[in-house]
Amino acid sequence: MIIGLTGGIASGKSTAAEYLESKGAIVIDADKISHQLTKKGKKGWQLVVNEFGEEFLNADGEINRKKLADIIFSDPKARKKLESLLHPLIIYEMKEKAFYYLEENKIVIFMAPLLFEVGLDHFCDQTWVISSSKKEQIKRLKDRDNINKKDAEKRIESQIPLEEKEEKADLVIDNNGTIEELKEKLDFHWEKTIKIVDGEFMRVALIAH
Ligand code: ATP
């Protein structure tokens, strides 16, 4: 079973994923994979250097992520280009990792801010959106990243509206309350998921028998 977990910026994806991990899920984080693939000498790093040039490298040969982020946010064409280079690599890596854990009958979580945008949802059995109001997103962004309201709004607006993700999702989990309330909701859905996975496992075992 693969669950695709997504949401808006600072809506609580990592908080939810971390909790599900503590309950036994295997979390495969698209952002982490992207970071690993763009480390010096890795495939993604090579593609970035080929496309953007060595002026985007630090003295130690690692990508200057701040410089790359600046051009990506100011130039939509550059952003599209970078995404078209990296997304196939990230998706491939996530699928490879998932395959290994699925053989062990684990529940795998694909945590990806752009789950629907890159088509990762097609590899998921279920999609869950962690949802917070814009007001909460701004408050949490300001606290976590120490930025002002205007910058928080800018970051939220650079993404597709959360409502669009909610419409596509199998399940929308409201995260406007406390973290404890979020955990209670996750407990409920996790138990339901385990029952589905166990039921499926029994069915396959019976057929095999
Ligand atoms: P990003 O898109 O930036 O990666 P995210 O969706 O993974 O963010 P989190 O990092 O989980 O979001 O949450 C953003 C911040 O809000 C964190 O500091 C987290 O501790 C806090 N937070 C999450 N849920 C709640 C909640 N229900 N109540 C209070 N704070 C919360």
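Is P76 buried or exposed? P76 is exposed, because 9 other C-beta atoms lie within 10 Å of its own, where a residue counts as buried with 20 or more such atoms, exposed with 12 or fewer and partly exposed in between, the C-beta atoms being placed from the backbone.

## Basis of the model

This is a predicted model, in which local features need pLDDT of at least 70 and side-chain atom pairs count only at pLDDT 80 or more, while totals for chains, interfaces and linings use all residues. Residues are numbered from 1 along each chain as its sequence is written.

## Helix 5

P76 is found in helix 5; helices (H or I, at least four residues) and strands (E, at least two) are DSSP runs, numbered from the N terminus. The C-alpha atoms of P76 and F188 are separated by 40 Å, and these residues are 112 places apart along the chain. Helix 5 covers residues 76-102, and its 27 residues should span 39 Å at 1.5 Å a residue, which agrees with the 37 Å between its end C-alpha atoms; the expected span is 1.5 Å times one less than the number of residues. At L86 the helix has a kink of about 30 degrees, shortly before the proline P88, the bend at a residue being the angle between axes fitted to the seven residues ending there and the seven starting there.

Within helix 5, L82, I90 and M94 are buried. The buried residues of this helix pack against strand 2 (26-29), helix 2 (30-37), helix 4 (65-74) and strand 3 (108-111), with two residues taken to be in contact if their C-beta atoms, placed from the backbone, lie within 7 Å. E93 also belongs to helix 5, but this residue counts as partly exposed because it has 18 C-beta neighbours inside 10 Å. Not counting residues up to four places away in sequence, E93 touches I33 and L37, whereas the C-alpha atoms of E93 and V108, 15 residues apart along the chain, are separated by 14 Å.

## The nonpolar core

In soluble globular proteins, nonpolar side chains tend to be buried together. Here the largest nonpolar core has 29 residues, and those with the most contacts inside it are I3, L5, A16, I109, F110, M111 and W128; such a core is a set of buried Ala, Val, Leu, Ile, Met, Phe, Trp, Tyr and Cys residues joined through C-beta atoms within 7 Å. At least two residues of this core come from each of strand 1 (2-7), helix 1 (13-22), helix 2, helix 5, strand 3, strand 4 (126-131) and helix 9 (179-208). Strand 3 gives the most, with four residues.

Leaving aside neighbours within four places in sequence, F110 is in contact with I2, G4, L5, I28, M94, L115, L120 and C124.

## The shell around the ligand

The ligand is surrounded by 16 residues, of which the closest are K13, S14, T15, R140 and R144, a residue being near a molecule if its C-beta atom, placed from the backbone, lies within 6 Å of it. Helix 1, helix 6 (134-145) and helix 9 each supply at least two residues of this shell, and helix 1 gives the most, with three.

By residue type, the shell divides into five nonpolar, eight polar and three charged residues. In this division Ala, Val, Leu, Ile, Met, Phe, Trp, Tyr, Cys and Pro count as nonpolar, Asp, Glu, Lys and Arg as charged, and the others, Gly among them, as polar.

N146 lies in the loop between helix 6 and helix 7 (149-157); although not a glycine, N146 has a positive phi of about 55 degrees, and with 8 C-beta neighbours inside 10 Å it counts as exposed.

D60, in the loop between helix 3 (43-52) and helix 4, counts as exposed with 6 C-beta neighbours inside 10 Å. D60 and K40 are 20 residues apart in sequence and 8.9 Å apart in space, C-alpha to C-alpha. D198 is placed in helix 9 and is exposed, with 11 other C-beta atoms within 10 Å; from C-alpha to C-alpha, D198 and E93 are 27 Å apart in space and 105 residues apart in sequence.
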